[in-house]
Each structure stands twice: as C-alpha cells, then as structure tokens.
Amino acid sequence: MKPRNIGIIGVGQTEYTTKRDDATLTEIAREATVLALEDGKIEIKDIDAVVFSLALDSLEGMESGEKWCAGAVGGYRKPFIRVHTGGTTGGSAVHAGFFHIASGLFDCILVVGAEKMGETPDAQNVLNRIFDPIYERTVAINAVNMCSFQAVRHMKKYGTSEYQMALVAVRSRKNALKNPYAHIRGEITVEDVLNSRMICYPIKLYDCCPRSTGGCAIVMASERFIRKLNKKNVAWIKGIAGCTNSYFIGDRMDGSGINDYADAEGLFLAAKGAYQMAEIKNPGKEIDFAEIYAPFTSTELAAVEALGFCERGESGIYNEKGIFNMDGRIPINPSGGVLTANPISVTALVRVAESTIQLMERAGERQVKRARTAVATGEGGSLQFYTVTVLSNRI
Amino acid sequence: MERELIFIPQAWNIKFNHAAGEVGSAFFRAIIDRKEILGRRCPVCKRVLLPPRSYCERCFVQTDEWVKVGTEGTIQAFTIVYGRFKGLPDPPYAIAYVLLNGASTSMVNFVKGVDLEDLNEALKKIKIGSRVKVVFKRKREGRITDFWYELLKETS
Amino acid sequence: MRLCKQERGFLLLNVAIIGIGQTTYGEKKKQSIDEMVFEATKKALDDAGLQREEIESVVTAASDEIDGRAISNMLTAGSSGAYLKDEVKVSDGGIYGLILGYLRVASGVFENSLIVSWTKSSETSPDLVSKWAFEPLYTRVLGLNYISSVAIEASAYMGKADVKDEDAARVVLKNRGNALKNPLSHISHRPSREEIMSSRFVSYPIREIYIPPKSDGACALVIASRKRAKSLNRDCAWIRGIGWSVEEYYAGDRELFNLSSLRRSSQMAYKMAKVKNPLIEIDIAELSDVTPYHEMMIYEALGFCRDGEGKSLIRNKITELGGELPVNPSGGILSSNPIFASSLVRVAEAALQVTGRAGKRQVKNAGLALAHGFTGIFSQGSSVVILGS
C-alpha cells in the first residue's frame with residue numbers, strides 16, 4: 001500500500017574524524033541535531049518524536065547510550081526510541097522515522113545519532129563478537145575478513161579483479177576531496193591501492209573504510225506539515241524496504257548458487273521492495289546517483305549489481321569504463337562514501353543525508369549534475385541486514 | 001587546551017557462559033567422543049545444516065534428524081589474514097568456509113598446514129574449490145577449535 | 001488510502017494482536033538463545049494460524065550485553081522468523097518492539113508483523129551489565145547498578161507518600177499469589193509475611209524478596225491490520241492506545257517518586273483510547289513491578305488514584321484478582337522476569353485477558369487492559385499500551 005507522502009527538510013552533519021576529545025557522545029549528537037534543526041528552520045518544539053540511531057553499545061562503552069543522549073537531542077518529554085541493526089542502523093532509523101509519520105500519529109520527526117568508536121582501540125575485537133560464540137567466534141572472523149569471503153567468491157564467480165576493486169577506492173578518495181565532512185582525504189592511485197598492506201586477502205589497507213567519529217541528523221515531515229511551512233526544497237522519500245538474510249555465512253554457500261554470498265542477495269530483495277514502492281521499473285535508467293553503504297571496495301561491486309545498475313558480474317567492467325564516476329552515467333558515492341568516513345552508528349543515515357543534500361542541489365563542489373532520483377543503502381551484520389531508501393526531489 | 005582535557009579509562013569485563021543447547025551439545029559430544037561431524041536435516045527442505053540447528057529458519061519447523069557428514073569437503077570461500085587484530089591470533093592465518101561432503105551449508109574454521117608467508121604461493125593451494133579434510137585435535141573439549149581443515153594431498 | 005484521508009487524528013481499531021507465544025520462564029540450560037526464541041515465535045505463528053511465509057515484517061527487541069553478542073539480532077534473525085523479511089531491532093524492552101511494529105502496520109506498508117523479544121539472563125550477570133548503563137564520567141564508579149537505582153527511587157517514594165514496608169509486602173503477597181495461577185511463571189511460591197519481613201535488605205529499602213528474579217524466556221506476538229485481523233474471524237486484542245516518552249538522563253534533574261515519563265506516556269495513550277477515568281474504565285493492568293514500591297508508584301502515575309494514595313489501593317485490595325482493577329494477575333515481574341522481554345510479556349498477558357484466554361488467572365469481563373514497561377535506569381523512559389476486546 002502506498003503510504004503518506006513524507007519528505008526530508010533538514011540535514012545536519014558534523015565533520016567525521018578519528019577522535020573527538022573535545023566532546024562527549026551526547027555533545028556530538030547535539031551538534032548534529034542543532035545543525036539539522038537550523039537547516040530545516042525548525043524549532044525543537046515542532047519535533048513530535050525522536051528516533052535515535054545508535055549501533056553497537058560495545059563500541060561506545062555504554063549500555064543504552066541513547067538514554068544519555070536523549071536530552072541533548074531534544075528527546076526530553078517526547079516519544080523517543082532507538083534502533084540498532086549494526087551497520088544498517090542509520091537506514092533502519094530513517095525507516096522507523098518514516099513509519100512514525102506514515103502511521104498518522106506524528107507530523108515531524110527528528111532522526112539523529114552519533115558514533116564515538118574512537119574511544120576504544122578494540123573495535124575489531126568488538127566486531128569479532130558479532131559472530132556466534134559457539135561455532136564461529138573463536139575462528140577469528142571479524143568485520144574485515146567476513147567481506148574477504150564475499151570478495152573471493154565474487155572473484156571466482158565473475159572474474160572480478162583486485163584492480164577493479166582498486167578503482168572503487170581511487171574514485172571514492174577522489175570524490176571525498178570535495179566533501180568537507182569526509183574523514184579520509186588525499187588522492188591515491190590504483191598502484192597505491194594494489195601495493196598497500198595486505199590485511200585479509202584480497203582486502204588491502206586502501207580497500208578498507210576508516211573508523212570514524214561523528215554525528216548526523218535529519219528532520220522528516222509529512223506532506224501536510226511541509227506544505228504548511230511552504231517548503232520548496234524537499235527530498236521526498238519515495239520507497240523504502242529492508243531485508244534480513246541468514247546469520248551464518250556458510251548458509252549462503254550451499255552450492256546451489258541461490259542466495260549466494262558472492263552476491264548481495266539481501267540488498268537485491270530490499271531494493272526490489274523499495275523500487276516497487278517508488279514505482280521504479282528500470283533503476284539503471286531512472287536512478288541518477290547512489291549513496292551506497294560499502295565498507296570495502298569489493299562490497300560496493302556486489303552492491304551496484306544488486307541495485308540493478310548493471311548485470312551481476314559486470315560491476316568491475318563498469319568501473320573500468322568510468323560509469324560510476326562523477327561524470328559517468330550513475331555517480332556512486334559522490335560524498336566519497338563509507339571508504340572515506342564510517343561512523344558506524346550513523347553511516348547509513350549519512351547516505352540518506354548526503355542524498356538529500358544532492359537532491360536539494362546544495363552539495364557544492366560534489367554536486368551531481370542531474371540529481372533528481374537517488375538511492376541510499378544500509379548494510380549490517382554479516383552482510384546480513386540491508387535497507388534501501390529511494391529519494392526524489394519531486395513528490 | 002589539550003593538556004586540560006580529562007580522560008576516564010574504562011574496560012568492559014562481562015563474563016558469559018553461553019548454552020550450546022541440547023542439539024549443540026550433541027554436536028560437540030560427537031566430536032569429543034567419536035570424531036564425527038553431525039549435521040541436522042530439515043524434514044521439509046531436506047537441507048543438512050551445519051552448524052547444527054534445532055530448527056530450519058526457512059521452513060520454520062524443528063529439525064529432527066542427525067546426519068553424519070563427511071570429514072572431507074571443498075573450500076567455498078577463504079581469506080588469509082595478514083593484519084594484526086587485538087584479541088585475535090597472531091597473523092598470518094587462513095580461515096575458510098568449507099562445504100563438507102553430505103552437508104548443505106558451509107562451516108568455517110582455520111586452514112592449517114600451509115606456509116602463508118608468501119601470499120602468492122599460498123594462493124596456489126588455498127583457493128575456492130580446493131579439497132580439504134577435517135583434522136581433529138588430540139585433546140578435544142567441546143569447542144569449534146577441536147578441529148580444523150587441512151588440504152588433501154591431491155590438490156596441494 | 002485511509003491515512004491520507006484522515007491525516008492527523010488518532011486511528012482507532014487499526015491494529016490487533018492476533019497471535020501470542022510465550023515460553024515458560026526460568027533457567028533454561030537445555031536451550032540456546034535462538035532455540036528459545038524459535039519456540040516463542042513458532043507458538044505465536046501457530047496461535048495466529050499463520051505460516052512464516054505470510055509474515056511481512058519482524059521487529060525484535062533484545063540486549064546485546066546480556067546476549068553477549070555485539071549485534072544481538074544477527075543470530076536470532078532466523079529463529080524470530082526474519083529470514084529474507086524486512087526486520088528491525090530496538091535495543092530496548094519488548095514493548096518498544098510492539099510500538100515500532102504498530103507504527104509499521106498502522107502505516108499501511110505492512111499487513112502484519114511479528115514482534116519478538118527475549119533474554120537469557122542465566123548466561124551472564126544482568127546486574128553487572130546494568131552498571132554500564134551509567135555514563136562513565138559522573139555516575140558509573142559510584143556503586144550504582146539497576147537495583148541500587150530502583151532502591152533510591154523507592155526510598156524517595158516512601159518519604160513522599162508515607163508508604164510502609166508492610167505495603168510493599170502486600171504487593172509481593174498479591175503478585176506471588178497470582179503467580180500460582182500462571183503455569184508459565186518462574187517463581188511459584190507465595191512467601192509468608194514472616195518470610196518477607198526476615199528477607200535481608202539488599203539495597204535499602206529493597207529486600208532480597210522485593211527484587212524480581214532473573215529469568216530466561218522469550219515472548220512473541222503477531223499483530224495485523226484491521227483488514228487481516230477481521231478476516232481471521234476470531235477474538236483479537238485491539239490496540240486502542242499507545243504512548244511512550246523519555247525524561248532527563250540524570251536522575252538528579254527530576255523528582256524520583258513521580259515517574260514523570262510514565263505520566264506523559266499514559267496521557268498520550270489515554271487520549272488515543274479516549275480513557276477519561278482509568279480506575280473505572282480499565283478492567284485489568286499488567287504493570288512493570290520492578291519493585292513492589294514501584295507498583296504503587298505506577299498506580300499514581302497512571303492516575304488509578306490520587307498522588308500519595310497508591311498504598312490505599314493495595315491496602316483496600318482494589319488491585320487484587322477479585323478487586324475493582326486487578327493488577328498483574330500473571331504474577332508480574334516479581335514472579336517472572338525475562339528482562340528485555342518482560343514488558344512484552346505484560347502486553348501478551350493483557351492480550352490474553354481481553355480475549356478471555358488467560359486460564360486460571362482470567363479476570364472477569366476484561367474489556368479494556370493496560371500494559372506498561374519501563375526503559376533505562378531511574379525509570380527514565382516509559383511506555384503504555386491499551387488493549388480492547
């Protein structure tokens with residue numbers, strides 16, 4: 001069923017950095033909140049309810065850190081809820097905000113979160129603890145090598161090369177140069193990527209995302225509310241869907257080729273649902289650009305295929321042809337993407353925020369030329385959880 | 001300003017004692033007592049699940065049958081870790097998902113017995129499709145690390 | 001579509017609970033977490049008469065820390081029925097799962113949703129975990145945990161409302177007595193008054209016997225849109241009102257006997273359900289009696305009586321099983337406490353009551369029921385769900 005029309009009217013982002021010694025988690029969340037409210041020219045009293053985007057407690061060193069932040073983000077005496085689906089959290093939070101309004105109970109919602117994983121040196125140790133303590137954890141799987149398994153299967157299945165992966169890193173870094181919020185800047189070459197230190201074969205240092213600290217917020221509202229304020233510059237949410245896949249990675253390597261770990265099947269199904277709601281038939285033609293949650297170069301290759309921008313196995317060639325570059329047919333990650341900033345709790349929210357900025361044509365140097373319809377994704381767990389959000393500047 | 005900032009050091013130390021459950025316990029018992037790998041068969045889709053699960057998430061029914069799977073199988077995905085991660089073993093080490101003969105799903109474990117110092121040499125041996133065998137530890141204690149994979153002679 | 005036509009304005013009779021699944025509560029050494037979750041989910045689906053394939057949405061609610069898994073819904077995705085479904089998790093009590101599930105179905109995007117919550121307390125120390133809910137700068141090192149925080153609230157309330165230890169004992173006798181009629185209950189023992197009065201103080205004024213047990217267990221609900229629920233042609237528990245709210249984090253910023261977040265969330269739910277006089281209109285309530293003192297505090301915050309009169313309701317047996325407004329016929333959290341699932345159990349029990357399926361603990365003519373949950377330390381957040389037959 002097609003729900004109420006809902007749009008994004010304000011966006012706030014802090015800069016993403018390795019550490020923020022000058023501010024607590026609550027203060028970072030507040031910075032993003034204030035920026036989003038100012039951007040949307042909304043006062044906190046206009047906000048009916050708050051959705052807090054916070055991923056792993058164990059990365060923040062606090063149980064239910066959202067409670068600590070509730071006051072700082074204006075949740076005081078409002079309906080306030082937190083979602084946590086790992087890396088997907090920001091996408092799940094946007095969807096939760098969407099449902100708040102679509103239910104008819106609320107008109108204006110703040111979706112906000114912050115990440116301060118810079119305070120622990122043990123991030124990958126924590127990320128090992130997403131795996132099953134009985135069957136998998138002691139076999140040393142973590143958030144890097146779980147993606148290596150996907151990469152080697154993609155290479156075997158489609159002949160994808162490390163060179164093609166490197167092209168993704170080079171493009172992301174180049175795009176990030178024009179994004180004032182990006183964490184990692186500095187141009188690199190394909191040779192730099194290929195010669196960078198091997199972390200978990202075939203993933204090398206420059207195929208990896210950083211660990212970032214920072215906050216992000218958006219203000220979402222019903223069409224009725226937006227019309228009342230007479231707002232013209234709006235990113236409308238046209239379609240949303242999520243999909244959860246099997247926990248055990250080995251379940252997706254059963255020799256059948258169905259739901260194969262090489263392919264982002266969960267993303268494919270989520271995209272199918274979101275496109276259906278948005279009435280998009282041919283994503284390769286109808287989508288103008290995408291902000292994709294891909295913490296590793298190889299993850300993006302599977303993602304663009306799942307999103308229908310090319311056939312399965314063609315992403316490497318498309319990258320060679322420059323189709324996903326800023327001047328290509330479908331610019332991917334004009335912000336520089338997750339490879340240049342990964343504040344896990346809000347990374348998927350940043351994808352929506354950056355899409356919004358593009359659709360409002362306020363992206364400055366990183367502006368996509370023809371930005372009318374965008375897709376923003378979230379990915380979490382063992383390449384297990386996916387969210388897809390389709391946005392447009394036309395209602 | 002830097003000098004005046006205060007930092008509060010903290011470390012989480014929360015202990016757990018995770019129940020493997022009856023099905024999980026039987027799986028580990030078979031490893032300890034008989035050096036056997038047991039999967040659970042779904043009565044509907046007939047998949048043999050490893051790790052053994054007492055239910056099938058797709059058909060949403062209880063699994064009710066133990067199936068002894070082979071101790072040889074094929075690598076479906078792998079990595080060789082050269083980065084050092086806190087709390088994880090010293091690199092380099094190899095991990096692989098292996099589809100054991102008779103199982104429907106792949107199970108992850110270390111691949112041992114391959115010299116990993118030279119990546120390109122190691123990649124000649126550890127690759128998707130390589131045949132491996134399960135090697136059991138002498139003293140088994142009901143942990144997934146009671147066994148690991150080693151390459152079968154013909155492919156190495 | 002109905003929402004566009006109606007725009008604001010609260011929606012009534014929109015979403016119903018059509019299936020309920022609970023495990024028993026207690027220590028479960030024979031089951032892993034996901035097996036426990038599967039049991040509750042399967043029961044809820046069977047109760048609703050639905051196959052997993054027919055489910056469109058799943059909302060889970062659990063604790064990473066108590067599960068000992070950095071993203072707790074990864075493992076349980078499969079056992080909560082979420083394989084290739086649109087699933088989301090709230091890191092909060094199960095009643096928040098119901099709230100998000102309600103919003104998802106009320107939006108018209110989904111026709112139904114599973115709501116699944118669990119805790120396996122026996123695998124770790126929930127008390128130790130609760131220490132980490134205190135922020136690291138000003139409060140964590142002060143010997144505070146969940147129990148000391150509720151003790152501080154209880155003592156503030158004792159001073160304000162002149163509540164006696166004996167009143168707390170009455171609440172325990174009532175709830176533990178009710179639990180004898182609940183086959184799912186973790187504790188099936190109604191202590192004597194002497195036993196209560198000789199129980200040691202763990203954190204004054206909280207005696208050991210005033211602290212809920214730590215149970216293993218899972219609870220699952222299936223909710224559906226009006227259209228779907230009607231087509232089932234059977235009694236459903238309709239969600240008539242829903243409210244949730246949060247207060248300041250630092251407990252020193254507010255009155256601790258007030259439960260102000262609960263006052264605000266009940267106002268929201270009452271407005272939606274058009275409840276004017278809760279004591280008269282509500283027939284049964286399942287409340288989060290995290291201590292017996294809290295049960296009396298909750299009476300006041302919910303407007304069952306005037307402020308300071310919570311003790312009168314318990315002294316006058318108003319909230320006993322045969323009273324005017326029975327509270328916690330299930331035995332409450334004082335009898336079974338699968339921590340994160342406890343608030344969803346309140347909803348499940350309320351739903352069983354309004355559909356006349358509560359067995360020996362059934363309240364007569366239960367037309368309107370209220371379920372309540374807390375979240376955070378010092379009762380920072382609260383939520384209220386009102387169900388009608």
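Modeller: Two residues are in contact if their C-beta atoms, placed from the backbone, lie within 7 Å. The contact between chain B and chain C takes 18 residues from chain B and 21 residues from chain C.

Biologist: What is the source of these values, and how are residues and chains labelled?

Modeller: This is a predicted model, in which local features need pLDDT of at least 70 and side-chain atom pairs count only at pLDDT 80 or more, while totals for chains, interfaces and linings use all residues. Residues are numbered from 1 along each chain as its sequence is written, and chains are lettered from A and ligands numbered from 1 in the order in which they are written.

Biologist: Which element gives the largest share of the side of chain B that touches chain C?

Modeller: Helix α1 (residues 21-34) of chain B, with three residues. Helices (H or I, at least four residues) and strands (E, at least two) are DSSP runs, numbered from the N terminus. By class, this side of chain B has eight nonpolar, six polar and four charged residues. Here Asp, Glu, Lys and Arg count as charged, Ala, Val, Leu, Ile, Met, Phe, Trp, Tyr, Cys and Pro as nonpolar, and the others, Gly among them, as polar.

Biologist: Within chain A, at what angle do the axes of α4(A) and helix α14 (residues 344-359) cross?

Modeller: They cross at roughly 60 degrees and come within 5 Å. That value makes α4(A) oblique to α14(A). Angles under 35 degrees count as roughly parallel, over 145 as roughly antiparallel, 65 to 115 as roughly perpendicular and the rest as oblique. The axes are lines fitted to C-alpha atoms, for helices over the stretch in contact, with angles from 0 to 180 degrees between N-to-C directions. Among the residues that meet are A:Gly90, A:Gly91 and A:Ala93 in α4(A) and A:Ala348, A:Leu349 and A:Val352 in α14(A). The residues of this contact divide into seven nonpolar, five polar and no charged.

Biologist: At what angle do helix α5 (residues 94-106) and helix α15 (residues 342-354) of chain C pack?

Modeller: The angle is about 65 degrees, with the axes 5 Å apart. C:Gly94, C:Ile95, C:Gly97 and C:Leu98 of α5(C) make the contact with C:Ser343, C:Leu344, C:Arg346 and C:Val347 of α15(C). By class, four of these residues are nonpolar, three polar and one charged.

Biologist: Why is strand β11 (residues 381-388) of chain C called largely enclosed by the rest of the structure?

Modeller: Seven of its eight residues are buried, so β11(C) is largely enclosed. A residue is buried if 20 or more other C-beta atoms lie within 10 Å of its own, exposed if 12 or fewer, and partly exposed in between. Strand β8 (residues 237-246) of chain C pairs with β11(C) in the antiparallel sense over eight bridges, and C:Ser245 stands opposite C:Ser382. Strand β10 (residues 368-375) of chain C and β11(C) are also antiparallel, over eight bridges, with C:Thr375 opposite C:Gly381. β10(C) and β11(C) form a hairpin with five residues between them, and C:Gly376 in the turn has a positive phi of about 80 degrees.

Biologist: How do you know that chain B is more spread out than a compact globule?

Modeller: Its radius of gyration is 19 Å, well over the 15 Å that the globule rule gives for 156 residues, so chain B is more spread out. The radius is taken over C-alpha atoms, and the rule is 2.2 Å times the number of residues to the power 0.38. The C-alpha trace of chain B spans about 65 × 40 × 35 Å along its principal axes, and 40% of the residues of chain B count as buried.

Notes: Two strands pair if DSSP finds at least two bridges between them.
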